[in-house]
Amino acid sequence: MKNDRKEELLTRWMDDGLSDEELRELEPVLAEHPELHEERADYARLREELRAAVPSEIEPPFPDFFNSHLERLVREEGRGMDKTDSRRGEGAFNRLWFWWMAPAATAAVVMAFLLGMKSAQPANQGGVVDAAAGSEVYSPLSDVSTEIIFDRESDSTLLVVEGLAPLADTDLVTAEGFLDGEHGYYVNSENVY
Amino acid sequence: MNFFRQFASNLVKGPVPGDAAGEGGPDTPSDAELVNRCQEGDYSAFDALVTKHRGRVYAMIQNMVRNEADSWDLAQEVFVKVWKALPKFEARARFSTWMYRITHNVVYDWMRKRKMETAGELDDNLLDREAIAAGAQAIPARMARPDEALSQGELRANIEGALEKLSPEHREAILLREVQGLEYKEIADVMECSIGTVMSRLFYARKKLQSLLTKS
């Protein structure tokens, strides 16, 4: 008898799971190894001991929390999947719109460029730029444009200067220490304050 | 929320009654009914399924990994996977068998990761583990008489010591067969192997277990 078949029959014999025919097939092995009967009795005892000693159920610690925590995880997973799905939808949506949005966007960029050219011309000529209401910025360089943006919400003013040559590191290393007054900081190439 | 009162009430409450096959009692819905409701998106049915099966899942994991915190987290992972996979569950197998299969996959993934993480290191947890988690409520297959309790404690320690010395495959086969009461075919489904392999694993696991217990 092949080893695999013998193992199978012996295993099921130990579980009382053999048919009469299978039992007849196994008889020569049992006759050759009478100690197997004792092993079987031992195993029946072991099975009882296993079932008595090893719990088939163990309530997890804090069972209610187990369920509520699980519910939270499941809902988070669900939200994650929803987001993924909606992102997938957005992607498909964008792909459809891309084909007519792209030419429209290009036209908008061209229009903005032409308008920008037109509005920059007076500033370059006069050197004085009308900016935020009631404010003026003077630029001594004709090819430099300036703009003031006043944000009422944050009560702050942003000065935008375009057309300056890039600053070299040596331009920045011009001072040491803090400056007095409310704008008490400066930048140099070695430290940022 | 009073956490300890909640904990105590649940120790008393215990799992929802129902047998391993998942057939509900007269007042308990069967697994099949609960699964159907889950598939319709009823989370309360899933909550009932979890309450019904968490003890078996946690015990199976705890008997495999021997660590309370990891077992708790892995049991959570099992049920998250169950919830996500439930829409595809076709009831060709019993729900409990399918759930044990997910448990098997989660535990073996964890073991693989653990093996990679601790490669070359001495893992103290693997050498010195608590037999049963301090905060856990164990429900043995049958209740012991008081006069049996003392010797059972010793016996349990011996058996658990012997089980730990088995390979994970042999240990799992023995636990599924003898403790959880699964059929060979179901064990083969859970462990994703042939019935012949299950037989072979049980054969060698039993021999090894007997030999270890005789020595101890």
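## Burial and the predicted model

The model described here is predicted.

Glu192(B) has 11 C-beta neighbours inside 10 Å and therefore counts as exposed. Phe62(A) has 19 other C-beta atoms within 10 Å, so it is partly exposed.

## Chain A

Chain A contains five helices and five strands. Read from the N terminus, its elements follow the order α-α-α-β-α-β-β-β-β-α. Of the 193 residues in chain A, 13% are buried. Among the contacts in chain A with a separation of 6 or more, 7% are between residues 24 or more positions apart.

Phe62(A) is not a glycine, yet its phi is positive, at about 55°. Phe62(A) sits in the loop that joins strand E1 (57-59) to helix H4 (63-126) of chain A.

## Helix H2 of chain B

Helix H2 of chain B spans residues 31-39, and its buried residues are Asp31(B), Leu34(B), Val35(B) and Cys38(B). These residues lie on the same side of H2(B), because the arc they cover around the axis is only 100°.

Which helices do the buried residues of H2(B) pack against? Their partners are helix H3 (43-65) and helix H5 (95-117) of chain B. After H2(B) comes Gly41(B), with a positive phi near 90°.

## The largest nonpolar core

The largest nonpolar core has 60 residues. The members that touch the most others are Ile61(B), Ala75(B), Ala173(B) and Ile187(B). H3(B) supplies the largest share of this core, with 11 residues.

For Ala173(B), the contacts beyond its neighbours within four places in sequence are Ile187(B), Met191(B), Val198(B), Arg201(B), Leu202(B) and Ala205(B).

## Packing of H8 and H9 in chain B

Two packed helices are described by the angle between their axes and the distance between the axes. For helix H8 (residues 168-179) and helix H9 (residues 184-191) of chain B, the angle is about 140° and the axes are 10 Å apart. This angle makes H8(B) oblique to H9(B), since only angles over 145 degrees count as roughly antiparallel. The crossing of H8(B) past H9(B) is right-handed.

On the H8(B) side, the contact is made by Glu172(B), Ala173(B), Leu176(B) and Arg177(B). On the H9(B) side, Ile187(B), Val190(B) and Met191(B) take part. Ala173(B) and Ile187(B), both in this contact, also belong to the group of core members with the most contacts to other members.

H9(B) is mostly covered, with six of its eight residues buried. Its buried residues are Tyr184(B), Glu186(B), Ile187(B), Asp189(B), Val190(B) and Met191(B). H5, H8 and H10 of chain B are among the elements that cover them.

Where does Glu192(B) lie? Its place is the loop between H9 and helix H10 (195-215) of chain B. In contrast to the buried residues of H9(B), Glu192(B) is exposed.

Note on methods: Residues are numbered from 1 along each chain as its sequence is written. Chains are lettered from A and ligands numbered from 1 in the order in which they are written. This is a predicted model: local features need pLDDT of at least 70, side-chain atom pairs count only at pLDDT 80 or more; totals for chains, interfaces and linings use all residues. A residue is buried if 20 or more other C-beta atoms lie within 10 Å of its own, exposed if 12 or fewer, and partly exposed in between; C-beta atoms are placed from the backbone. Helices (H or I, at least four residues) and strands (E, at least two) are DSSP runs, numbered from the N terminus. The arc is that of the directions from the helix axis to the C-beta atoms. Two residues are in contact if their C-beta atoms, placed from the backbone, lie within 7 Å. A nonpolar core is a set of buried Ala, Val, Leu, Ile, Met, Phe, Trp, Tyr and Cys residues joined through C-beta atoms within 7 Å. Axes are lines fitted to C-alpha atoms, for helices over the stretch in contact, and angles run from 0 to 180 degrees between N-to-C directions. Angles under 35 degrees count as roughly parallel, over 145 as roughly antiparallel, 65 to 115 as roughly perpendicular and the rest as oblique. A crossing is left-handed if the near helix is turned anticlockwise from the far one by less than a right angle, and right-handed if clockwise.
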